[in-house]
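Reader: I am new to this structure and would like to learn how its features are read. Please take me through them one at a time.

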Amino acid sequence: GMNRHVWNLRRESVPGVEGLYVFGSLQGPRVPPGEYAVRLTVGERDPLEATFTVRDIPQHAAEFTAADHRAREALLAEIRTELENLHESVTTMGAIRTQVEAAVDRTREHPQADRIEDAGGALTDSIQVVDSMLVQRKWTTGQDPTVFTTRLNQFFIYLLGAVDGTPGRPTRGMTDQFQELTQEWQTFEAQVEWILGPGVDDFNALLRELGVEAVETGRRIVSE
């Protein structure tokens with residue numbers, strides 16, 4: 001028989017947040033015209049390699065330059081980086097909240113249970129405030145965006161789709177919106193850094209003082 005792989009000319013999808021409804025798509029953007037390589041590796045055999053060309057459609061080839069395509073690729077890469085880091089932050093904060101709640105539950109009979117509960121509650125409250133501004137967890141269907149407020153990650157998703165769907169150089173409006181979204185994200189990112197840094201450190205210091213297992217962050221940052 002024959003094994004066939006069909007590439008849809010898109011990059012890898014953007015990782016999402018587990019269980020979070022997305023209005024739009026996290027699929028990777030289309031690649032620009034150019035030369036590409038494919039490699040097939042089977043067992044211990046030497047890999048088979050080949051190159052191929054992705055061509056632009058004629059009307060685009062006549063209208064857009066290589067510099068236009070590079071500008072589009074650069075903006076798409078920047079949007080993807082910010083969106084990945086936002087989603088990773090939400091996922092990490094969710095994992096911390098689960099661990100904190102578990103620590104509070106398993107220390108109900110501890111002599112210092114009230115201190116643990118108060119500290120844990122303050123930390124999870126901080127997580128909830130930031131989480132609620134980064135993602136909209138009330139969305140479950142395509143009708144919900146008309147009812148519940150759009151949050152920051154969705155604006156990045158909308159922009160990613162708009163830039164991906166527009167051939168050639170991004171518009172000034174797209175680049176301006178990216179700057180605005182990035183500035184807003186940086187404000188929340190500072191709060192995330194406090195939660196994952198001093199916030200968790202202070203809670204862990206209390207747990208260690210009382211002989212209780214600490215929580216872990218396990219955060220991964222996407223490099224630009």
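**Salt bridges and burial**

Author: Asp131 and Arg137 join their side chains in a salt bridge, at 2.8 Å from N to O. The term denotes a side-chain nitrogen of Lys or Arg within 4 Å of a carboxyl oxygen of Asp or Glu. This is a predicted model, in which local features need pLDDT of at least 70 and side-chain atom pairs count only at pLDDT 80 or more, while totals for chains, interfaces and linings use all residues. Residues are numbered from 1 along each chain as its sequence is written, and side-chain values use heavy atoms, with hydrogens and water left out.

Reader: Is Asp131 buried or exposed?

Author: Buried means under 20% relative accessible area, exposed over 50%, and partly exposed in between (1.4 Å probe, protein chains only). Asp131 is buried at 2%, whereas Arg137 is partly exposed at 40%.

Reader: Which residue forms a salt bridge with Arg10?

Author: Side chains of opposite charge can pair when their charged atoms come close. Arg10 pairs with Asp164, the closest N and O atoms being 2.8 Å apart. Arg10 lies in the segment before β1 and Asp164 in helix α4 (residues 152-164), so the bridge ties together parts 154 residues apart in sequence. Helices (H or I, at least four residues) and strands (E, at least two) are DSSP runs, numbered from the N terminus. Arg10 is buried at 12%, and Asp164 is buried at 10%.

Reader: Which residues are linked in a network of salt bridges?

Author: The network links Arg10, Arg11, Arg30, Arg72, Glu73 and Asp164. Within it, Glu73 and Arg11 meet at 2.6 Å, N to O.
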